[in-house]
Amino acid sequence: MKNFANLIATLGTKTKTNEKISALVTYFEKASDKDKVWVIALFIGRRPKRAVSSTLVKQWCATAVGIPDWLFNECYHTVGDLSETVALLLNKKQHGVGSDLPLHYYIEQFILLDKKPEDDKKAFMLQCWHDLSNTDELFVFNKLLSGTFRIGVSKQLVIKALSKVTGMEPSVIAHRISGNWNPVTTEFETLMAASDDIYEVSKPYPFCLAYPIEGLPEALGNIDEWTAEWKWDGIRGQMIKRQNDCFLWSRGEELITDRFPEYQPIFDLLPNNIVLDGEIIAAKDKLPLPFAVLQKRIGLKNVSQKAMTESPVAFFVYDLLEYEGMDFRKEPFDKRRAVLEKVVSAVQHPLLHASPIVRGNSWEELHTIRESSREIMSEGLMLKRKSSIYQAGRKRGDWWKWKIDPLTIDAVMIYAQKGSGKRSNLYTDYTFAVKDGDGYVAFAKAYSGLTDAEIAKVDAFVKRNAVEKFGPVRTVKPQLVFEIAFEGISISKRHKSGVALRFPRISRWRHDKTVDDINTLQDLKALLT
């Protein structure tokens, strides 16, 4: 645990990619194999479930350090992060005797702890809090325990570090650590083994991702070297059929086959030993529906006939990654596309479609076509070089996403809340409102889009102009006007405004406008059409 806590502390202070990779390499070179496996799992999003409720953690910590609940809550509201609050309070009260227990011991104890009685959980917590020797260790322990462990290190950085340690190609490691493997039972040596026969039949390929286009597409050269497709708003996934077994994986490496039972007839018709890359889209009669329709299906464990009727889906195929058991990724895109179209045509299922190619004889013509994206529920265009191979991860040069400009609305900030981690002492999470008659109605929350200098100014404003306090939330005078950008809007019965936004963020601070200039709820709802 000491080594892992040191790693997290180091990564938190580094801003350069190479420095983060170097820290990961140093850790992997020294850590035990079981700890390596768990660090890989943690950094690619496989966190253990919450073992103890936050309410119990608060109670036990307050008792351990001898403070009343109200004082603990004040500390929590000031810090803004429960794990950090507990770590700071415990470290001020006591200094642990130190523990040499490894990372995997604690995580696997968390898993066992889930079904144990409350007294056993409390005894374990108090003992660990006593043993851990500093704030960094206590913080990491609490984060792991709460199931909220996150760190600003991408999967790609972990892959690069493992590549340096093992001498294996990054693409090979990316394939090794994807798929359905259990950190409790998987050995590091097995995970990194070079033999292809260890691959599970279900394993997906690493997804190839596109960069946002920089400038105008004309800079990419001759349009004849490029293929344009619609960029759909759904769940990126891979359909896999190998050895007559069928699997559907999301880009987040979650096995979601059972969540879309209507795809089973497609699997039955697909040839064996094939992998399709595409998008799970809410659609009816080959026409995409708003993402909000698909959102009703997300998170459902048991999919009823009613859910399938109310939220119909289709699979729009982008690419062919494996064909007749052969890795097809090194073939040029135009060849992969040609074979893909033959496969889809042979299957002839109403829920399987080759994502349409957008035909344009010039970049100017594609500009015009792109403007109609929202009319067909598209986010814009994808540009793919016809000669490009299917790479692992996000690479510059061959695949670009050319999204339409976001929708925008001018709004006023009415609530603010402190952030977490390094921003736990700053008000960085904001709620925005538009005019509704003589008052205001909240319609979106956002916490990105401002510079550090702007955040400092907003923070100072909140502290000077707070009107009411609701726990960590402050009501502020409606004076600061911001332009809010978002990708889409849909009707919502859960929100007082009657609408829900897709990916809202702060576009700019409108110093040139007053609260009298902001948009109305009617303006916002007009964007639904």
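**View 1. Contacts of Phe 4 in the predicted model.** Leaving out residues up to four places away in sequence, Phe 4 touches Tyr 27, Val 39, Leu 42, Phe 43, Leu 103, Val 140, Leu 144 and Phe 149. The coordinates shown in this and the following views come from a predicted model.

**View 2. The nonpolar cores.** Phe 4 is also among the residues with the most contacts inside the largest nonpolar core, together with Leu 24, Phe 43, Leu 103, Trp 129, Phe 141 and Leu 144. That core has 65 residues. Helix H3 (residues 33-43) supplies the largest share of this core, seven residues.

View 3. Helix H8 spans residues 118-131 and contains Lys 121. The relative accessible area of Lys 121 is 14%, and the residue counts as buried because this value is under the 20% cut-off. Apart from neighbours within four places in sequence, the contacts of Lys 121 are Ala 51, Val 52, Trp 60, Leu 113, Asp 114 and Lys 116.

**View 4. The open five-stranded sheet and helix H16.** The strand order in this open sheet is S2-S14-S12-S3-S11, and the pairing is mixed. Strands S2 (211-212) and S11 (357-358) stand at the edges; each has a single partner strand, so one side of each lacks a neighbour in the sheet. Helix H16 (residues 333-347) packs on the sheet and touches S3, S11, S12 and strand S14 (399-403). The direction of H16 makes about 60° with that of S3.

**View 5. Pairing of S3 with S12.** Strand S3 (residues 226-232) and strand S12 (residues 378-385) run antiparallel and are joined by seven bridges. Within this pair, Ser 378 in S12 stands opposite Trp 232. In a regular strand, side chains alternate between the two faces of the sheet.

View 6. Met 377 is placed in the loop between helix H17 (363-370) and S12. Its relative accessibility is 36%, and Met 377 therefore counts as partly exposed, a class that lies between the cut-offs of 20% and 50%. The C-alpha atoms of Met 377 and Leu 287 are separated by 8.7 Å, while the two residues are 90 residues apart along the chain.

**View 7. Strand S6 and the strands paired with it.** Strand S6 covers residues 274-284; ten of its eleven residues are buried, so S6 is largely enclosed by the rest of the structure. Strand S4 (residues 235-242) runs antiparallel to S6, with seven bridges between them. One of the bridge pairs here is Arg 236 with Glu 279 in S6. S6 also pairs with strand S8 (residues 313-323), in the antiparallel sense and over eight bridges. In that pairing, Asp 277 has Asp 319 in S8 as its bridge partner.

View 8. Two bridges join S6 to strand S7 (residues 287-288), and the strands run antiparallel. Two residues lie between the strands of the hairpin, and Asp 285 takes a positive phi near 55°.

Terms used:
Residues are numbered from 1 along each chain as its sequence is written. This is a predicted model: local features need pLDDT of at least 70, side-chain atom pairs count only at pLDDT 80 or more; totals for chains, interfaces and linings use all residues. Side-chain values use heavy atoms; hydrogens and water are left out. Helices (H or I, at least four residues) and strands (E, at least two) are DSSP runs, numbered from the N terminus. Buried means under 20% relative accessible area, exposed over 50%, partly exposed in between (1.4 Å probe, protein chains only). Contact means heavy atoms within 4.5 Å. Two strands pair if DSSP finds at least two bridges between them. Axes are lines fitted to C-alpha atoms, for helices over the stretch in contact, and angles run from 0 to 180 degrees between N-to-C directions. A nonpolar core is a set of buried Ala, Val, Leu, Ile, Met, Phe, Trp, Tyr and Cys residues joined through side-chain atoms within 4.5 Å.
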